[in-house]
Amino acid sequence: VWDLAGRLGGQIRALPGVVLGWDMSAALAMAEALGVDRRAAAEFLPVIEAVMARHLNEQMDGSKEPDR
């Protein structure tokens, strides 16, 4: 699932100035295509998505230094 999360950069849902998250339909389709257990993906991706969206939004706001 972690490898799948790293491949979802092109599946980001966003509005100007804010990242909302991933397109979960596309994420689950990608999980199936890659042979990732859909149940595991459905369980773990939303948790990873929340951290990803928060981190990217903080970076865009300038309220947090980017990780080095």
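## Helix α2 and its ends

Helices here are DSSP runs of H or I with at least four residues, numbered from the N terminus. The model is predicted.

Helix α2 covers residues 24-34, and Asp-23 caps its N-terminal end. In this cap, a side-chain oxygen of Asp-23 lies 3.1 Å from the backbone nitrogen of Ser-25. After α2 comes Gly-35, which has a positive phi, near 80°.

## The nonpolar core

The largest nonpolar core has 13 residues. Those that touch the most other members are Leu-4, Leu-8, Trp-22, Ala-41 and Leu-45. At least two residues of this core come from each of α1, β2 (18-22), α2 and α3. The biggest contribution is that of α3, with 5 residues.

Leaving aside residues up to four places away in sequence, Leu-8 touches Trp-22, Ala-27, Met-30 and Leu-45.

## The largest pocket

The largest pocket has a volume of about 170 Å³. Its lining consists of Trp-2, Ala-5, Gly-6, Leu-8, Gly-9, Ile-12, Trp-22, Ile-48, Met-52 and Leu-56. Two or more lining residues are given by each of α1 (2-6) and α3 (38-61). By class, 8 of the lining residues are nonpolar and 2 are polar, while none is charged.

Leu-8 and Trp-22 belong to the pocket lining and are also among the core residues that touch the most other members. The two residues also touch each other.

Methods
Residues numbered from 1 in each chain as written. Predicted model: local features only at pLDDT ≥ 70, side-chain atom pairs only at ≥ 80, totals over all residues. Heavy atoms only, no water. Polar contact = N/O pair within 3.5 Å; in protein donor to acceptor, adjacent residues only side chain to side chain. 1 Å grid on protein atoms, 1.4 Å probe; cavity = no way out; pocket = protein on both sides within 12 Å on 5 of 7 lines; lining within 4 Å. Points joined across faces, edges and corners; volume = space filled by probe spheres on them. Nonpolar A, V, L, I, M, F, W, Y, C, P; charged D, E, K, R; others polar. Core = buried A, V, L, I, M, F, W, Y, C linked by side-chain atoms within 4.5 Å. Buried < 20%, exposed > 50% of the residue type's maximum accessible area, 1.4 Å probe, protein only. Contact = heavy atoms within 4.5 Å.
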